[in-house]
Amino acid sequence: MRRQMFLTALAAALMAGTSAAALAEQSFNRIATFPVVANLPADRDAQKKKTVAEIIAASEDGNLLVYTDSPQNAVGFVDITDPRQPKAAGFLPVGGEPTSVTVIGGKAFVAVNTSKSYKEPDGVLAVVDIAAKSIEATCALGGQPDSIAASPDKAFLAIAIENERDEEENKGKLPQLPAGNLTILPVKGGAVDCAGKKTVDLTGLAGVAPEDPEPEFVAVNGRNEVVVTLQENNHIAVVDLATAKVVGHLPAGTVTLEAIDTKRDKIISATGRLENVKREPDAVKWLDDERFVTANEGDYEGGSRGFTIFRKDGTVEYDSGNALEHLAMRIGHFPEKRADKKGIEPEGIEVARYGDETLIFVGTERSSFVAVYRDAGPGQAPQFLQVLPSGIGPEGLLAIPQRNLFVTANETDLVEDGGPRATVMIYERGEGAPVYPMIASADDAKGLPIAWGALSGLAADGAQPGRLFAVTDSAYAEARILEIDAAKKPAVITRAITVTRDGAPAKGLDIEGIAWRPAGGFWLASEGNPEKKDVPTHSSLVRVDAEGAVVEEVALPETLAAAATRFGFEGVAVVGEGADETVYVAVQREWKDDPKGFVKILTYKPATKAWGVMRYPLDAAPKGWMGLSELTYVGNDTFVVIERDNQFGDKAVKTLQTFSVKGLTPATVGEKDAPVVEKRKLRDLVPDLASPKGYVLDKIESFAVDAAGDAFIMTDNDGVDDASGETVFLNLGRFTVN
């Protein structure tokens, strides 16, 4: 029943855009993204050093954000007076690693780790004057702090002193002393009373390692009771702040999960089972004075991949089970590389009252999305509302209900790998349907989600408007063709066709392009990579029937193969039928025999097995490299390609270009000179990719024009490997070549 309720709610949420009545509903949509690197002062190397946003708080008026940046040993400030135009507002070193922050009045209270080692944990509370951006006082904590929370009446600060374990010592086994505790500090007139500090002993409560509680996260209810998660101990304690006494504690318990992916095998398969998994909660928030909700990340032996609503007496009112994992599969965010570990890893929780609704926000560390639920009250299952795309590794979640805003702090900074930087993302609640997801899947015949990701090519059914086909690349072990109903909003993946050889899933394909054949079936472009063991060395063409069975495989001629590099076939198009059928192929980057700045457009005649060569002139890349990512035939001897660089952000280069082959005769393979096509720019895609208000994604790889003349673009999310999982799928409207 719980699963069916979730599926019904998800279907309603995903299809909300098709109903006029849904326009009166309230939903969140992202309105801005702030790159944390923009806050670094001039004396710090922004291009080489990581800078992150982890835990985040807001001033009481909701106009200023304060976030922790542990690699920089600092806190940063973001001015969101205009939330659509966030601005860098300051950067303050705090003398150690900030782990958490909360705000009372004009002061930010920052928990700072100053430990010399795991065996010598230490820390301070830094009191920051927000207006002056300066530290006005510190309190010694006597241990390594993790989470901090203020009581609603602003009379207390509760700090989880974790004294975290060394995962390299004895393979991270507990116990590892010294033990952590809960530290309580009174606040009087906005000033912290360091002398009034009380330490609450949390040892002896849990069954895993009672002498080493490992406190992780704290939250305070309206009765000044603090709930503390003891994550590695799979236990939860409730402490009265006024008396500094433990007034209750409970095991977090276990859950058995059905229909999930438990194997790291490059195949997303919701057929696995995990029995009696310890929840091991990380973040926790009160729903009211009797109930709280936990994000069950797991950090030791467990991690149930979901969230749980508990009563204070230990009663489990609701557990999400496999719902979040299935949601990740439906929206293309499932991290298959984490399937054998903790899956999506729910880590963050936020709860806030928006209007007359109490909303629950669940952040997934490895899938980089936030699921939003409505609390239905005691004893009732929460109602799924929507999903929000976030940056990579959302760590901190922050509700600002007085401004109808919500914020995520995303800690992953891939500067060392040339990837996207850490961000703060801002969402606003208002009337209208959710923008995200732009594409999601239906269930298969067994009632399980059609899992997907890494969509690398797109083609249109030449006869049926709104019917598209996408392919998955070598992020997965089995190539698949996905049928898409693009007439719906969001677009819906209705069917998955596995590419097969002799009745078995075809291995060793790296499909980067697909073309619909008027005669039936598809041509697929497989890129290949001499640097990978699980895909062929060189590119090839693969013809399959309508059900994905391989009919023909065409290897590169030896002369072309000798010149090829790992940047091979990226797009494929079909012109004509029967004896006149010609397959055109776009090669991504220069091969060894290409003049610098020119890439190949190849032709292949199935009737004669003859290959031909033309060349395409690339624009110079301001940074990184430039290449082709798609090839689409639009009629009248005319083609469209995606020409792009490999960069992220507003300064990246992503364009649609067109060229005609009319009057051109491709050179035969081996000829010294090949005709060069004359290209013309059709559209700058950067504004389109920026329209979802995230950062501009690097891999815009798909373009198609359907039978009604509507043009579609789509990004490749890299199978959620060092990527947020976000897929941009946009209908650009009626396509014309002027």
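**Close-up views of a predicted model**

**View 1. Helix α2 and the residue that follows.** Just after α2, Gly332 has a positive phi of about 80 degrees. Helices (H or I, at least four residues) and strands (E, at least two) are DSSP runs numbered from the N terminus. This is a predicted model, in which local features need pLDDT of at least 70, side-chain atom pairs count only at pLDDT 80 or more, and totals for chains, interfaces and linings use all residues. Residues are numbered from 1 along each chain as its sequence is written, and side-chain values use heavy atoms, with hydrogens and water left out. Eight of the eight residues of α2 (residues 323-330) are buried, so the helix is largely enclosed by the rest of the structure. Buried means under 20% relative accessible area, exposed over 50%, and partly exposed in between (1.4 Å probe, protein chains only).

**View 2. Salt bridge of Glu325 and Arg305.** The closest N and O atoms of Glu325 and Arg305 are 2.9 Å apart. Because Glu325 lies in helix α2 and Arg305 in the loop between β22 (291-295) and β23 (307-311), the pair ties together parts 20 residues apart in sequence. Glu325 is buried at 0% relative accessible area, and Arg305 is buried at 1%. A salt bridge is a side-chain nitrogen of Lys or Arg within 4 Å of a carboxyl oxygen of Asp or Glu.

**View 3. Disulfide of Cys139 and Cys194.** The S to S distance is 1.6 Å; a disulfide is a pair of cysteine sulfur atoms within 2.5 Å. The link is left-handed, with -60 degrees about the S-S bond. Cys139 is buried at 1% relative accessibility, whereas Cys194 is partly exposed at 33%.
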